[in-house]
Each structure stands twice: as structure tokens, then as C-alpha cells.
Amino acid sequence: MLRHEAGHLVIDPVFASIAYRDDDADCFIAIDIDDCDCKPCSDDRGPIPIYSTISIGLVAGKNRISQRVTAKEAKKIAKTLLQYAQIIEAMSLIDKEDLS
């Protein structure tokens with residue numbers, strides 16, 4: 001089994017996660033620039049300036065988690081996801097017998 005600390009990322013974000021319970025079940029990941037000026041979004045954002053964060057949402061069933069991240073945190077996540085994607089693409093080209 002492959003296990004390596006380079007395959008694991010933990011970020012302690014500046015902002016707290018927010019959990020919601022929705023009426024309808026769904027399943028998706030949403031990534032948005034925090035640019036909405038409607039009242040609910042402005043209220044959620046509070047004193048945080050518009051266009052200064054990115055919202056990442058994960059919906060599983062009726063549960064939704066929203067995480068606001070800074071540009072620096074988003075870049076770290078993006079860089080890590082790209083690196084991991086390149087690793088798993090490369091690994092998919094290797095014959096399974098070569099891995100044992």
C-alpha cells in the first residue's frame with residue numbers, strides 16, 4: 001500500500017466552516033468567488049470585503065458544508081490538487097504488477 005505524508009494536506013483556514021441542513025438532497029462541490037452582494041451573502045460575509053475570498057461548498061445528501069478560504073489558501077489547495085492529479089495519472093499508466 002502506498003502511504004506517504006506528501007499525499008496528505010491539512011490546511012487550518014483563517015475562517016471557520018459553516019454547516020447547513022438543506023431541504024432537498026443533492027451531491028456536488030461548488031467553488032465560487034465571493035462576489036455576491038445579495039443580502040444573505042452579505043450577511044454571511046459580515047465585515048469580510050467582497051471579492052476577497054473564495055467559497056468552497058460540499059453538498060452530500062441534505063448536508064452542506066461551506067468553507068471560505070483566502071487566495072493564499074486557495075492557491076495551496078489548487079497546487080496540491082494539481083500535483084495529486086498528476087501523480088494519479090502517472091500511476092494509472094504503470095502496470096499493477098510493477099507496483100508490487
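This is a predicted model: local features need pLDDT of at least 70, side-chain atom pairs count only at pLDDT 80 or more; totals for chains, interfaces and linings use all residues.
Reader: What makes up the secondary structure, and which pattern does the protein follow?

Author: The secondary structure comes to three helices and two strands. Along the sequence the pattern reads β-α-β-α-α.

Reader: How many salt bridges does the structure hold?

Author: It holds four.

Reader: Why are R64 and D22 called a salt bridge?

Author: Their side chains meet at 3.2 Å, N to O. The cut-off is 4 Å between a side-chain nitrogen of Lys or Arg and a carboxyl oxygen of Asp or Glu. The value is within that limit, so the pair counts as a salt bridge.

Reader: Which parts of the chain does that pair link?

Author: R64 is in strand β2, residues 54-69, and D22 is in strand β1, residues 18-33. The two are 42 residues apart, and the pair links distant parts of the chain.

Reader: Why is R64 called partly exposed?

Author: Its relative accessibility is 29%. Buried means under 20% and exposed means over 50%. R64 falls in between, so it counts as partly exposed.

Reader: What makes R45 and D34 a salt bridge?

Author: Their closest N and O atoms are 2.7 Å apart. That is within 4 Å, so the pair qualifies.

Reader: Which parts does the R45 and D34 pair tie together?

Author: R45 lies in helix α1, residues 39-45, and D34 lies in the loop between β1 and α1. The pair therefore ties together parts that are 11 residues apart in sequence.

Reader: How do you know whether R45 and D34 are buried or exposed?

Author: R45 has 5% relative accessibility. D34 has a relative accessible area of 8%. Buried means under 20%. R45 therefore counts as buried, and so does D34.

Reader: Why are K39 and D43 called a salt bridge?

Author: Their side chains meet at 3.0 Å, N to O. The limit is 4 Å, so they count.

Reader: How are K39 and D43 placed in helix α1?

Author: They are four residues apart there, so about one helical turn separates them. In general, an α-helix has 3.6 residues a turn, so residues three or four places apart point the same way.

Reader: What are the accessibility classes of K39 and D43?

Author: K39 has a relative accessible area of 59%, over the 50% cut-off, so it is exposed. D43 stands at 48%, between the 20% and 50% cut-offs, so it is partly exposed.

Reader: Which residues do salt bridges that share partners join into one network?

Author: D34, R45 and R68.

Reader: Which residues make the nonpolar surface patch?

Author: I29, I31, L58 and I65 make a patch of about 420 Å². Strands β1 and β2 each supply at least two of its residues.

Reader: Why is I31 called exposed?

Author: I31 is found in strand β1. Its relative accessibility is 62%. The cut-off for exposed is over 50%, so I31 passes.

Reader: How does the span of helix α2 compare with the expected value?

Author: Helix α2, residues 71-92, has 22 residues. Its first and last C-alpha atoms are 31 Å apart. That is close to the 32 Å expected at 1.5 Å a residue.

Reader: How do you know that the buried residues of α2 line one face?

Author: The buried residues are E73, A74 and T80. Seen down the axis of α2, they fall within an arc of 130°, so they line one face of the helix. They pack against β2. On the other side, K72, K75, K79, L82 and E89 are exposed.

Reader: Why is I77 called partly exposed?

Author: I77 is in helix α2. Its relative accessible area is 23%. Buried means under 20%, and exposed means over 50%. The value lies in between, so I77 is partly exposed.

Reader: Which residues does I77 touch?

Author: Not counting residues up to four places away in sequence, I77 touches L9, I11, I56 and V69.

Reader: What makes I48 buried?

Author: I48 lies in the loop between α1 and β2. Its relative accessibility is 17%. That is under 20%, so I48 counts as buried. I48 touches F15, T53 and R68, not counting residues up to four places away in sequence.

Methods. Residues are numbered from 1 along each chain as its sequence is written. Side-chain values use heavy atoms; hydrogens and water are left out. Buried means under 20% relative accessible area, exposed over 50%, partly exposed in between (1.4 Å probe, protein chains only). Patches are made of residues with over 30% relative accessible area and no salt bridge: like charges are joined within 9 Å, nonpolar side chains (Val, Leu, Ile, Met, Phe, Trp, Tyr) within 5 Å. Accessible areas come from the Shrake-Rupley method with a 1.4 Å probe; for residues, only the protein chains shown count as cover. The expected span of a helix is 1.5 Å times one less than its number of residues. The arc is that of the directions from the helix axis to the C-beta atoms. Contact means heavy atoms within 4.5 Å.
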